[in-house]
Amino acid sequence: MDRFFGLSERNTTVRTELLAGITTFLTMAYILIVNPFFLGQLGGMDMGAVFVATAVSAAIGSLLMGLLANYPIALAPGMGLNAYFTFTVVLGMKVPWQTALAAVFISGAIFFILTLTKIREAIINAIPSGLKHAVSAGIGLFIAFIGLKNAGIIAADPEGTFVKLSTELGRPDILLTFFGIIVTLFFLVKKVKGGIFYGMILTAIAGWLFGIVQTPTGVFAAPPSIEPTFMHLDFKGALNMGLLTIIFSFLFVDFFDTAGTLVGVANQAGLMKDNKLPKASRALTADSIATMVGAMFGTSTVTSYIESSAGVAAGGRTGLTAIFTSIMFLVALFFYPLIQAVASVAAITSPALIIVGILMVSSLKEIDWKGLDEAVPAFFTMLMMPLTFSIATGISLGFVVYPLVKVFAGKAKEVHPIMYVLGALFVLRFIFL
């Protein structure tokens, strides 16, 4: 084990890797509650099957990352991508979830092919860093808005300003949401590892004490059946021309979210060499395979989690950390009665969405706001996601505005040809689709 994972070389031990793996799991365990809420409660899929798909895909993805790349990075269905899957594709565009799952699988397959070729480097180099950070921030705003809306804090105002602050802030479920936000922020400010997860647990307990959350039917049980979502992929529908933008959006967000997470966490762990990431292709391969497996089981895109940095902070340095996290997700399969009792309660899931949104918006600091040629496309990318309730629209508009503004600024040569091609394609998308 020491020789395979290089424990001595990276100055770590099995015990340290175990503690790091548990720490990573606790920081991202909220996805076991949030994902069934999104895809099941809101998206019309079977909640029990989505729970199993979430845990299994996270376990397989983390295991592959540990074995193939030997990185202390865990994977699970991505926040933002599950919101896009549910609100934009299934609810907004009325696409059947079976078709949406096929689109996720295709995006994973394309990701896998790109990883095996030099096209991956070309695309990464073509997309400006400002747009990458704007996409992350825009998804953060989108997720936070969904959390506020689902909790009832933000309400519709069709005759006035479209949205407004709710006039029913004294409702028990809204008060429970405020409680969840406060306790979660307390944990995070105090730098408690797993703060989001612990915040959800305390909110669930408070909701149970005041009769807002139903009492769980039990603690342990056999995992729910995966049959309602397993291999229900409508490839014929997904290959329709109108869904190409959806496939690209899944691919784009996963591609760059994964690349950013890999670089960030690997740098924190001291694994970067000459400003390059060793075994990057293996890590991206693990991510793409996990996405395809997740789609087959019945969940949205699987991606690398930035929460893995908590495990690195706890001493994790090798793939053994990811493997221990994988084991924890498999253990979690037998706790579905607890998940079932809380996953359908918006007051428990909404605080997590709002807090994750805050964390994602922090990427705004990486954008050059002093130059309008960088600020304008980033602004439209970020702003249009929550305003149009569509991640794809934000990405599309950003890719159209970026080359246009650069031409206006006399910097046309700074724009990679790929960006011009993508911009033209998105213009056609707006016109015809």
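How many nonpolar, polar and charged residues make up the lining of the second largest pocket? This tour reaches that pocket after a view of the whole protein.

**The whole protein**

This is a predicted model, in which local features need pLDDT of at least 70 and side-chain atom pairs count only at pLDDT 80 or more, while totals for chains, interfaces and linings use all residues. Residues are numbered from 1 along each chain as its sequence is written, and side-chain values use heavy atoms, with hydrogens and water left out.

Along the principal axes, the C-alpha atoms fill a box of roughly 65 × 65 × 45 Å.

Of the 433 residues, 55% count as buried. Buried means under 20% relative accessible area, exposed means over 50%, and partly exposed lies in between, with a 1.4 Å probe and protein chains only.

**The second largest pocket**

Select Phe 197, Ile 201, Phe 335, Leu 338 and Ile 339, which are the closest to the centre of the second largest pocket among its 23 lining residues. About 480 Å³ of space lies in this pocket. On a 1 Å grid over the protein atoms alone, a pocket is an open set of points where a 1.4 Å probe fits, with protein on both sides within 12 Å along at least five of seven lines; lining residues have an atom within 4 Å of a point. Grid points are joined across faces, edges and corners, and the volume is the space filled by probe spheres set on the points.

Next, colour α2 (14–28), α3 (31–42), α10 (195–209), α15 (319–332) and α16 (336–343), the elements that give two or more residues to the lining. Helix α10 gives the most, with 6 residues. The opening question can now be answered: the lining has 22 nonpolar residues, 1 polar and no charged. Here Ala, Val, Leu, Ile, Met, Phe, Trp, Tyr, Cys and Pro count as nonpolar, Asp, Glu, Lys and Arg as charged, and the others, Gly among them, as polar.

**Aromatic pairs**

A search of the whole structure finds 17 aromatic pairs. Rings of Phe, Tyr and Trp (its six-membered ring) pair if their centres lie within 6.5 Å; planes under 30 degrees apart count as stacked, over 60 as edge-to-face and the rest as tilted.

Select Phe 105 and Phe 235. Their ring centres are 5.4 Å apart and their planes stand at 80°, so the pair is edge-to-face. Phe 105 belongs to helix α6 (residues 97–115) and Phe 235 to helix α11 (residues 235–238), 130 residues apart. Phe 235 is partly exposed, at 34% relative accessibility.

Move to Phe 248 and Phe 426, an edge-to-face pair with 5.4 Å centre to centre and 65° between the planes. Phe 248 lies in helix α12 (residues 244–268) and Phe 426 in helix α20 (residues 417–432), so the pair ties together parts 178 residues apart in sequence. Phe 248 is partly exposed at 22%, whereas Phe 426 is buried at 6%.

Then select Phe 186, Phe 187, Phe 197 and Tyr 198, which ring pairs link into a cluster.

Select helix α5 (residues 81–92). Its end C-alpha atoms span only 14 Å, while a straight helix of 12 residues would span 16 Å; the expected span is 1.5 Å times one less than the number of residues. In α5, 10 of the 12 residues are buried, so the helix is largely enclosed by the rest of the structure.

Just after α5, Lys 94 takes a positive phi of about 60°. Most residues other than glycine have a negative phi. Lys 94 sits in the loop between α5 and α6 and is exposed, at 66%. Lys 191 also has a positive phi of about 60°; it is in the loop between α9 (172–189) and α10.

Note on methods
Helix = DSSP H or I, 4+ residues; strand = E, 2+ residues; numbered from the N terminus.
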